[in-house]
Amino acid sequence: MTQATSAFRFSEYGDASVLNIESLELASPTAGEIQIEQDAIGVNFIDIYHRKGVFAYQLPLPAGLGMEGVGTITALGEDVSGFAIGDRVAYVGGPPNAYSQHRNLPAARALKVPADLSSEMVAALIFKGLTVEYLIHRCCNLGEGDVVLWHAAAGGVGTIASQWLASKGVSVIGTVSSAIKADMAKANGCTHVINYKEEDFEERVKEITNGKGVDVVYDSVGADTFTKSMNCLRPRGTLVSFGEASGPVDTLPVSMLGAKGSLYVTRPSIAHYTADRGEYEQAAENLFAAIRSGAVKSPEITTYPLVDAARAHTDMEERRTTGSIILQP
C-alpha cells in the first residue's frame with residue numbers, strides 16, 4: 001500500500017533554487033523499516049553541504065534532503081521490534097529524506113521521544129544536541145577547569161555547547177559576528193565573547209589566556225578560521241574541525257602540527273559516533289537528561305513551512321538566523 005506525500009528533491013548541486021518539492025507515492029516500509037508521519041523537521045548546515053555537493057558530502061543525484069526529524073509511526077515493516085504504530089520517534093541519519101510529509105526510515109535510526117518533550121523542541125535539538133554530546137564527551141572529554149574556543153557560539157550547535165560546557169565547569173570563549181549575538185552567547189554560558197568583526201580572535205584569545213592558549217578549539221567555520229584556530233591552541237591542544245561554513249580548509253602539512261606545539265587535529269562525523277546502536281541510544285539519553293536538568297535549554301526556534309525550505313536555507317547561509325530552524329509539514 002502506498003502513501004501520497006510531498007517531498008523535496010534536487011537533481012543538480014547548487015544554491016537553494018535547485019530544491020524542488022514534488023508529489024510522490026511512498027511505498028510501504030520494507031523489512032527493518034518504519035514509516036512515519038512527520039511532525040517537525042530539523043534544518044542543519046549538513047543539508048546545505050549536501051545541496052551544494054561539497055566534497056565528502058556529495059549524494060547520488062537525484063536525491064532527497066534532510067537528516068533529522070520527529071514523527072509518529074504509521075506503519076511497520078517486517079522484522080521491526082521495540083516499536084509500535086503510534087509511537088513518537090526522533091531520528092538522526094539514515095537516507096536523507098527528512099524534507100517530506102511522510103517517509104520511510106530504518107528502525108535502527110529511530111529513538112523513542114519522551115512524552116514530556118515536545119516534537120518541536122526535539123526536532124530543534126536532536127541533531128545539534130547529539131553533535132554536541134559526542135564533541136564534548138567522546139571526541140574530547142572535557143571537564144572542570146578546561147578552556148575551549150568555540151566558533152559561531154550563537155548558532156544552533158554553539159548555543160547548546162555553551163550551555164552544556166558551562167554546566168560541566170568548562171570556560172568557553174565564543175566567537176560571534178554581532179553585538180546581539182554576543183549578548184546571546186553570554187546569556188548561554190560563554191565566559192568570554194569575541195566579536196570577530198571588530199577584534200582579531202587570535203590576539204584576543206592570547207590576551208584572555210595570558211598567552212597559554214586553549215585546550216580545544218571547535219571550528220565549524222573552516223577556511224576563514226582554521227589557521228588562526230590552530231594558533232590559539234596550547235601545546236598538545238586539539239583542533240576539532242567539524243564544519244566548513246566559509247569553505248573547505250586548505251591541505252594541512254602534517255609537520256606543521258609539530259612546529260605549532262605537537263597539536264592534534266580531528267575531523268569527526270556524527271555518523272561514526274552514532275553508528276553503534278548502544279552508543280546512539282546512550283547519547284540520546286544523555287541529551288534528554290541534560291534537557292531535563294536545565295543544562296541544555298530549549299533554543300530559540302525559527303519555524304518555516306516545509307514548502308519554504310529554500311528560503312530557510314538562504315536565511316541560514318546568509319547568517320540571518322540564530323538558534324535552531326525547523327520545518328513543519
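Visitor: Which residues does asparagine 44 touch, not counting residues up to four places away in sequence?
Guide: In this predicted model, asparagine 44 lies in the loop between strand 3 (33–43) and helix 1 (45–52). Its relative accessible area is 6%, and because buried means under 20%, asparagine 44 counts as buried. Leaving out residues up to four places away in sequence, the residues that asparagine 44 touches are Glu68, Phe127, Lys128 and Met316.

Visitor: Is strand 11 largely enclosed by the rest of the structure or exposed, and how many of its residues are buried?
Guide: Strand 11 spans residues 214–219, and three bridges join strand 8 (residues 147–150) to strand 11, the two running parallel. Five bridges join strand 11 to strand 12 (residues 233–241), and these strands also run parallel. Strand 11 is largely enclosed by the rest of the structure, because the number of its residues that are buried is six of six.

Visitor: Which residue in strand 12 is the bridge partner of tyrosine 218?
Guide: Tyrosine 218, in strand 11, stands opposite tryptophan 150. From strand 11 the chain crosses through helix 6 (residues 226–231) to strand 12, in a β-α-β crossover that is right-handed. Within strand 12, the bridge partner of tyrosine 218 is valine 240.

Terms used
Residues numbered from 1 in each chain as written. Predicted model: local features only at pLDDT ≥ 70, side-chain atom pairs only at ≥ 80, totals over all residues. Heavy atoms only, no water. Helix = DSSP H or I, 4+ residues; strand = E, 2+ residues; numbered from the N terminus. Buried < 20%, exposed > 50% of the residue type's maximum accessible area, 1.4 Å probe, protein only. Contact = heavy atoms within 4.5 Å. Pairing = 2+ DSSP bridges. Right-handed = clockwise from strand over helix to strand, strands pointing away.
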